[in-house]
Amino acid sequence: MSKNLGELSGRKGLRENLFEELGIAASETGTVSKEKTKQLAEDFLMGTANVYGTVSFYDFLRPENQGKKVYVCNGSACMTAGTQGKLKDKLKSEFTEEEIGEMCCLGRCHENSAFNYGGRNYSGSDAEKIKDIKAGKPVPMDKYNVGQVGTPVLTGSFHGIDDYYQTLKKALQMSPDDILAELKTSGLRGRGGAGFPIGFKLESCKNTAGNIKFIVCNADEGDPGAYSDRYLLEERPHAVLLGMIIAGYVAGANTGVVYIRGEYPEAITITQQAIDDIRTKGFIGDNILGSGFSYDFKIIRAKGAYICGEETALLSSIEGQRPEVRVRPPYPTQHGLFNKPTVVNNVETLACIPWVVDKGGAAFAAIGRGKSTGTKLVSLDGFFNKPGIYEVDMGTPLSVVINGLGGGFRAPVKAMHIGGPLGGLVPTDKISDLTVDFESFAQNGFLLGHASVVCLPSDYPIIKYIEHLFQFTAHESCGKCFPCRLGSTRGYEMVGKALTSDYKMDRELFTDLITTMEIGSLCALGGGLPLPIRNSLKYFDNELAQYFS
């Protein structure tokens, strides 16, 4: 059925997009009226139930969002920092309880106290200026530390559009096969968590017949604690855009879709301006630089759904469908957006491509360690003395990041959740055992993922964090597969009952539950949740034993 709906949605392509129309319809009241839902269903030849299923899924579209005026971040970093209760109390001086909603995560993990008002994000001490903010007085953008150790692939100086896009001229003088060979030599792997080589994706799409193909940038950076993609979109947007153009040239795609999470309003504005700037310069459009290659962009503003970070759910989202994970095969490179060949990669991965083309695949492969080539951006939260975004060569000791770049912890910390909610829970005594690369984390039973770091202070109960992870997964599950949908809810209920009564969880039953989620879930949401829970049981059993029989 989803393929048929994809074809129906694709009749109007990206010019008149159902998902965008739903966002427009919800812009005034916070949700889509029943009348508008029915009208859009008729316009796009969809069933009303299908469109309502889409509307009711997203945080920014569902009926419960109606009437909300300000949104408090409920991400893991703000939660463990303990800032959001005081923030909400402060906002209640200007808003009613019914006008205050929640968003996850606003990417202000470096200073917490994050909230969204009037289509902009705020954090730190901004809540003290809420009267001025409501009055329309400007508040400066947030600032955070940016640094690097090793090769500045992504954090190097930007010397202007004309200088930077010399790499595009170089790429267009090469054949797609030559660029593909350089990318394969580079060993560039996906930076969003899966670590899949980009060269294989591009080659698969290139070898699939089709007159219409897409390059989709997965900028739905939903991992609480991660804001490296936000950094790139706001501070280095041209690295992302140029990477997408070159990827399109290799795969034979003429359209790039940048799917940016709605929680990053500034990133959307800045990226759109960057697209407008390169269009003026002639670096996108028809027959770019007389090469015969044409390419253009479309920005899609997401509506609040963590599952859209999974590539097939993201494609369904753009089509205006409920963003459920698709069964694979077929893979997106054969049947992707509107059933056309599509390459989906995350922001950081695409942003590395220009450097590879400019310096050569061998130069990129020379950076890093083993199969983890190149560099990695790491996001450090507000528990560090120097929180911010840091770029390090793959293979850099984690201790260099934590104690050197980050300046150590500003308060006692017992564990770090690295790699998002599906990443590993790393006790601080394991810091010296790890290096920043895929293999080191995997060999030690963790996951590098997005390389976001959310700290758990010494006085934060591990059992409360486990409850949070189950709750997060239950809320964000697309609902397609039973292990994720039911398992996360049952886990949340079990932990909650153990916390609020004398109930003791059966350890074997609990282990069976997370094992079922791990091996039976369709995607990494349900399948990845067990990792940090297993880490918790292994390293913090003394703290957790009282909740088990």
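Residues are numbered from 1 along each chain as its sequence is written. Local features of the predicted model need pLDDT of at least 70, side-chain atom pairs count only at pLDDT 80 or more, and totals for chains, interfaces and linings use all residues, while side-chain values use heavy atoms, leaving out hydrogens and water.

**Exercise 1.** Determine how H20 and H24 are oriented to each other, and which residues make the contact.

*Solution.* Helices (H or I, at least four residues) and strands (E, at least two) are DSSP runs, numbered from the N terminus. Helix H20 covers residues 462-476 and helix H24 residues 530-539; they pack at about 165°, with axes 10 Å apart. Axes are lines fitted to C-alpha atoms, for helices over the stretch in contact, and angles run from 0 to 180 degrees between N-to-C directions. Angles under 35 degrees count as roughly parallel, over 145 as roughly antiparallel, 65 to 115 as roughly perpendicular and the rest as oblique. H20 and H24 are therefore roughly antiparallel. Their crossing is left-handed, a term for a near helix turned anticlockwise from the far one by less than a right angle, with right-handed meaning clockwise. Contact means heavy atoms within 4.5 Å. From H20 the contact takes Ile462, Ile466, Leu469 and Phe470, and from H24 Pro532, Ile533 and Ser536. These residues comprise six nonpolar, one polar and no charged. Here Ala, Val, Leu, Ile, Met, Phe, Trp, Tyr, Cys and Pro count as nonpolar, Asp, Glu, Lys and Arg as charged, and the others, Gly among them, as polar.

**Exercise 2.** Carry out the analysis for H13 and H14, giving the orientation and the handedness of the crossing.

*Solution.* Helix H13 (residues 237-251) and helix H14 (residues 265-281) pack at an angle of about 60°, and their axes lie 10 Å apart. H13 and H14 are therefore oblique to each other. The crossing of H13 and H14 is right-handed. Pro237, His238, Leu241 and Ile245 of H13 meet Ile270, Thr271, Ala274, Ile275 and Ile278 of H14. By class, the contact holds seven nonpolar, two polar and no charged residues.

**Exercise 3.** Identify the buried residues of H3 and what covers them.

*Solution.* Buried means under 20% relative accessible area, exposed over 50%, and partly exposed in between (1.4 Å probe, protein chains only). In helix H3 (residues 34-43), the buried residues include Thr37, Leu40 and Ala41. They cover an arc of only 105° around the axis, so they lie on the same side of H3; the arc is that of the directions from the helix axis to the C-beta atoms. The face turned away from the buried side carries the exposed residues Glu35 and Glu42. The cover over the buried residues of H3 includes helix H2 (18-26) and helix H4 (48-55). Just after H3, Leu45 takes a positive phi of about 60°.

**Exercise 4.** Describe the setting of Gly75 and the peptide bond between Cys104 and Cys105.

*Solution.* Gly75 sits in the loop between strand S1 (70-73) and helix H5 (76-81). Gly75 is buried, with a relative accessible area of 1%. Not counting residues up to four places away in sequence, Gly75 touches Met103, Cys104, Cys105 and Pro224. Gly75 and Met103 are 28 residues apart in sequence and 7.7 Å apart in space, C-alpha to C-alpha. A cis peptide bond, with omega about -20°, joins Cys104 and Cys105. Cys105 belongs to the loop between strand S2 (100-103) and strand S3 (115-117).
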